[in-house]
Amino acid sequence: MNAINYIKLEFPSLSCNEAFARTAAAAFAAHLDPTLEELGDVKTAVSEAVTNCIVHAYPDAVGRIGLRLRILHDGQLEIAVRDWGCGIEDVEQAMKPLYTTGGDERGGMGFTIMESFMDRLRVRSRPGKGTTVVMLRTIRSRRKRA
Amino acid sequence: MNVNTAFSAGRLTLYLSGELDHHAAREAARTIDELLDEYLPRDCAVDMSGLSFMDSSGIAVLVRISRRLRDVGGRVWIENPSGQPRRVIDASGIDRLVPVAAGR
């Protein structure tokens, strides 16, 4: 699908980059003239996906995280978060609410929140190769709504 | 991420401010653990009026506070959530475990 506009970022899996990633995503999404609520939803979903990479994909090392945002047709925002880490054996299980391998510092709510804040969520993973999370969210421009 | 406190008649209020994500959560959890050890409250209110962002890492912090209070027969609840943190609370269903105080 042709993108009207896009950004690609890559950064190491350091937790201080969580705030950077969601802020950068929000700055890019601002092109679509979103509401404050829509902007908050984008920030939340990016924060969850990037945190998953830091905690689960690279549990004992610092690895690469790729963040790509594209504006497709009709105000549709696509967010892709990619890692080249350990991968997920059972994606279906990993996406269940309250399921976590992260101990009591994690709640197992990351995918649940991503799913409820985005219109679509797709997870592709290969053990030992990495994981890609692609999310879609239609931003209804405030100008069009007015 | 900052945690300020008020303590009165066995009730500890934790005023969270700033952004509570995974990066901030570890230190926030440690700070809150120390405050609970210090004050030994019967009840704990988590005031979110100063919180500008929270993700599931914040939910894990709430679950942790709830467990600690439950262990000593105490109560914990959320006060003044708004905007993005409120949406995360609603989406996660954490309010079934840690209720949001009504009318605040």
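Two strands count as paired here if DSSP finds at least two bridges between them. I kept that in mind while going through this predicted model.

**Entry 1, the sheet.** I went to chain A and traced an open sheet of five strands, ordered E1-E2-E3-E5-E4, with antiparallel pairing. I checked the ends of that order: E1 (5-12) and E4 (120-126) of chain A are the edge strands, each pairing on one side only. From one strand to the next, I get a twist averaging 10 degrees.

**Entry 2, one strand pair.** How many bridges join E2 to E3 in chain A? I find seven, between residues 64-71 and residues 76-83, with the two strands running antiparallel. I looked up A:Arg68 as an example, and its bridge partner in E3(A) is A:Ala80.

H2(A) lies across E2, E3 and E5 (130-138) of chain A, and runs at about 10 degrees to E3(A).

The axes of H1(A) and H2(A) come within 8 Å and cross at roughly 145 degrees. I noted the crossing as right-handed. On the H1(A) side the contact includes A:Ala21, A:Ala25 and A:Ala29, while H2(A) brings in residues including A:Val42, A:Val46 and A:Val50. Sorting the residues of this contact by class, I have eight nonpolar, two polar and three charged.

I listed 22 residues from chain A and 20 residues from chain B. On the chain A side, H1 (17-29), H2 (36-57) and H4 each supply at least two residues. Which of these elements gives the most? H2(A) does, with eight residues. By class, the chain A side comes to seven nonpolar, nine polar and six charged residues.

Buried or exposed? I call A:Thr112 buried because 21 other C-beta atoms lie within 10 Å, and the cut-off for buried is 20 or more. Leaving aside neighbours within four places in sequence, I find A:Thr112 in contact with A:Pro97, B:Ala91 and B:Ser92. I also looked at A:Glu48, 64 residues apart from A:Thr112 along the chain; their C-alpha atoms are separated by 9.8 Å.

Conventions
Residues are numbered from 1 along each chain as its sequence is written. Chains are lettered from A and ligands numbered from 1 in the order in which they are written. This is a predicted model: local features need pLDDT of at least 70, side-chain atom pairs count only at pLDDT 80 or more; totals for chains, interfaces and linings use all residues. A residue is buried if 20 or more other C-beta atoms lie within 10 Å of its own, exposed if 12 or fewer, and partly exposed in between; C-beta atoms are placed from the backbone. Two residues are in contact if their C-beta atoms, placed from the backbone, lie within 7 Å. Helices (H or I, at least four residues) and strands (E, at least two) are DSSP runs, numbered from the N terminus. Ala, Val, Leu, Ile, Met, Phe, Trp, Tyr, Cys and Pro count as nonpolar, Asp, Glu, Lys and Arg as charged, and the others, Gly among them, as polar. Axes are lines fitted to C-alpha atoms, for helices over the stretch in contact, and angles run from 0 to 180 degrees between N-to-C directions. A crossing is left-handed if the near helix is turned anticlockwise from the far one by less than a right angle, and right-handed if clockwise.
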